[in-house]
Amino acid sequence: MSMSDIQYRLDQKRQILGAFPGPKSQALDERRKAVVAGGVASTVPVYVADADGGIITDVDGNSFIDLGSGIAVTSVGASDANVVEAVREQVGHFTHTCFMVTPYESYIQVAEELNALTPGTHEKRTVLFNSGAEAVENAVKVARLATGRDAIVAFDHAYHGRTNLTMALTAKAMPYKTNFGPFAPEIYRVPMSYPYREEADIKGEEAARRAITMIEKQIGADSVAAILIEPIQGEGGFIVPADGFLPTLAAWAKDNGVVFIADEVQSGFCRTGEWFASQHEGVVPDIITMAKGIGGGLPLSAITGRADLMDAVHPGGLGGTYGGNPVACAAALAAIKTMKDHDLNARAVNIERIVTERFTALVEELGEAGIIGEIRGRGAMMAIELVKPGTANTTKEVNAEAAKAIAGACLQAGVIILTCGTYANVIRLLPPLVISDELLGDGLDVLSDAIRAAV
């Protein structure tokens with residue numbers, strides 16, 4: 001099958017009927033304020049009625065181009081036909097039994113798929129959970145038990161979740177960590193490879209040695225249970241480390257009996273043009289954490305790792321009431337089928353080409369006065385880092401104000417984009433992989449105009 005075979009339920013066209021949020025969204029927002037905790041924030045002030053392909057429609061009839069995919073979750077679209085049918089079929093049989101009580105085949109099928117799809121030909125084992133943070137927590141549990149060590153190494157700009165342990169692993173304080181401590185101990189942070197913001201021209205191997213030297217001097221290799229890293233950092237700004245950084249870290253980990261954990265929660269499942277971002281440099285993690293795109297929109301996460309590590313845990317040491325829920329497993333199997341049927345890895349590569357060409361041309365158009373510092377990413381995980389006018393090649397002064405203004409302007413025109421970054425100055429593009437070229441082009445037109453207006 002090809003992209004041309006994809007059938008959409010909704011008209012793939014943006015349409016803003018008037019000022020928004022409209023009256024129905026406003027009414028829902030008033031109800032929300034009375035019952036939903038204020039600590040839960042929403043980026044877009046409208047309420048969804050339907051979604052399909054690259055379009056989200058709200059309760060007032062407006063249609064928005066979705067360039068966020070629910071934060072890289074709905075890679076196959078928000079109502080993929082395979083996922084919908086699989087969920088309907090499963091719900092008609094049973095919604096839950098708890099795999100730890102009365103198991104079922106679909107859990108095993110998902111594990112078989114993940115063992116085959118993740119990097120490496122070694123023997124593997126998989127455990128299913130509910131969220132990315134839960135997957136990370138359990139990967140750390142396995143690494144600590146298997147090695148008999150305590151220390152976990154994380155990186156500058158990292159994001160790993162909102163639970164106590166994953167907040168400790170996360171680098172950015174606000175809004176994720178502020179006033180939520182104290183945090184879990186034995187977490188150590190070392191420098192990331194951030195090519196655009198390195199003080200000097202440093203190769204990936206050199207950046208890795210910088211981190212390794214800090215680990216050896218400040219922690220000691222014999223104390224480290226695991227290195228935990230996002231192959232492409234997500235919330236930190238879609239930071240792609242310099243070539244050689246990840247392989248050098250992985251090699252050091254192997255030589256020192258340290259578990260190398262790749263957090264692929266946001267970068268996995270065709271998002272970067274490979275099944276997993278680790279594959280771009282041939283890195284084979286000891287354990288890989290997954291969530292987001294795995295379940296076609298349903299909550300599911302997983303860790304897949306070397307059989308000797310995973311099987312080191314005593315029976316009953318891993319699990320959870322809802323982990324590997326049968327409905328979510330059915331959705332995951334269907335989503336993976338869609339990814340294979342439509343070769344969504346190739347589609348992600350094409351999206352990268354479209355985005356890169358479009359905004360490289362915009363950089364040339366705006367010239368020295370432009371505000372685009374860097375265009376980076378892989379596949380359909382692309383970012384535009386914004387700087388103050390004229391500083392892109394000099395001081396690289398952070399321009400968070402422009403990122404906020406551009407996101408707001410895009411929304412007013414009917415395009416949903418997300419921002420991110422340690423300095424809140426990065427526009428991230430995470431379109432559904434099934435978005436059409438026409439709809440993607442329209443969304444990028446709107447974004448380009450918003451960037452021009454912000455200069």
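A: Angles under 35 degrees count as roughly parallel, over 145 as roughly antiparallel, 65 to 115 as roughly perpendicular and the rest as oblique. This is a predicted model, in which local features need pLDDT of at least 70 and side-chain atom pairs count only at pLDDT 80 or more, while totals for chains, interfaces and linings use all residues. Residues are numbered from 1 along each chain as its sequence is written, and side-chain values use heavy atoms, with hydrogens and water left out.

The protein has 13 helices and 15 strands (DSSP runs numbered from the N terminus, helices being H or I with at least four residues and strands E with at least two), and its C-alpha trace spans about 60 × 60 × 45 Å along the principal axes.

The part to look at is where helix 11 (residues 344–366) meets helix 13 (residues 437–454), for their axes come within 11 Å and cross at roughly 25° (axes are lines fitted to C-alpha atoms, for helices over the stretch in contact, and angles run from 0 to 180 degrees between N-to-C directions). The two helices are therefore roughly parallel to each other, and the crossing of helix 11 and helix 13 is right-handed, a term used if the near helix is turned clockwise from the far one by less than a right angle.

In the contact (heavy atoms within 4.5 Å), helix 11 contributes residues including Arg347, Ile351, Ile354, Phe359 and Leu362, while those from helix 13 include Asp437, Leu440, Leu444, Leu447 and Ile451. By class, this contact of helix 11 with helix 13 has ten nonpolar, three polar and six charged residues (Ala, Val, Leu, Ile, Met, Phe, Trp, Tyr, Cys and Pro count as nonpolar, Asp, Glu, Lys and Arg as charged, and the others, Gly among them, as polar).

Strand 2 (residues 55–58) and strand 3 (residues 63–66) run antiparallel, joined by three bridges, and Ile56 stands opposite Phe64 in strand 3.

Key. Two strands pair if DSSP finds at least two bridges between them.
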